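Visitor: I would like a close look at a single part of this model, with the criteria behind each term spelled out. Please begin with the overall order of elements and then turn to the part itself.

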Amino acid sequence: MPVRQVVNWGISDPKRIFLIDGIGAICSAFFLGVVLVRLENLFGIPQHTLYLLASLPCLFTLYDLICFFRVKIKYALFIKGIALANILYCLLSVGFAIYHREVITQYGWIYISIEILLICVLVYFELLVVKRLNININQS
């Protein structure tokens, strides 16, 4: 699906952005807080770091749910908020990975890289929707 169609899909009902982001956050929290914790020897990321990283997507899910049910106007502002939080989460993840570089295995690096890549794609999409929403508001 071309980027334009995906952006138009998000603009047609901006609440969808919060659902997509929330589902991704739940997946991240589950993998970090349950799967990777149980397979710490395979991934090499210490449990305390995994729990800390897993707690942030839980907060993002709460934010997404609140936005989905409560926000009625100015969607762009709230979408920009979660996009910024996602970027900061990626930076924190990279920071922890570098800090624990001595113990993280190849599988740990692969997991972190894939998660960051997926989040960056989501953020790109979110920011494109924000840009288009702002253009539409200014043209009204």
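Visitor: In what order do the elements of the protein chain run from the N terminus on, and what can then be said about helix H5 (residues 75-99)?

Guide: This is a predicted model, in which local features need pLDDT of at least 70 and side-chain atom pairs count only at pLDDT 80 or more, while totals for chains, interfaces and linings use all residues. Residues are numbered from 1 along each chain as its sequence is written, and side-chain values use heavy atoms, with hydrogens and water left out.

From the N terminus on, the elements run α-α-α-α-α-α, that is, six helices and zero strands, where helices (H or I, at least four residues) and strands (E, at least two) are DSSP runs numbered from the N terminus.

Helix H5 has 25 residues, and at 1.5 Å a residue it should span 36 Å, which agrees with the 36 Å between its end C-alpha atoms; the expected span is 1.5 Å times one less than the number of residues. Among the residues of H5 that are buried are Tyr-75, Ile-79, Ile-82, Ala-85, Asn-86, Tyr-89, Ser-93 and Phe-96, buried meaning under 20% relative accessible area with a 1.4 Å probe, protein chains only.

Turning to its packing, H4 and H5 lie with their axes 11 Å apart at an angle of about 175°, the axes being lines fitted to C-alpha atoms over the stretch in contact, with angles running from 0 to 180 degrees between N-to-C directions. The two helices are therefore roughly antiparallel, a term for angles over 145 degrees. Their contact (heavy atoms within 4.5 Å) involves, among others, Leu-53, Leu-56, Phe-60 and Cys-67 of H4, and Ile-82, Ala-85, Tyr-89 and Phe-96 of H5.

Definitions and conventions:
Buried < 20%, exposed > 50% of the residue type's maximum accessible area, 1.4 Å probe, protein only. Parallel < 35°, antiparallel > 145°, perpendicular 65-115°, else oblique.
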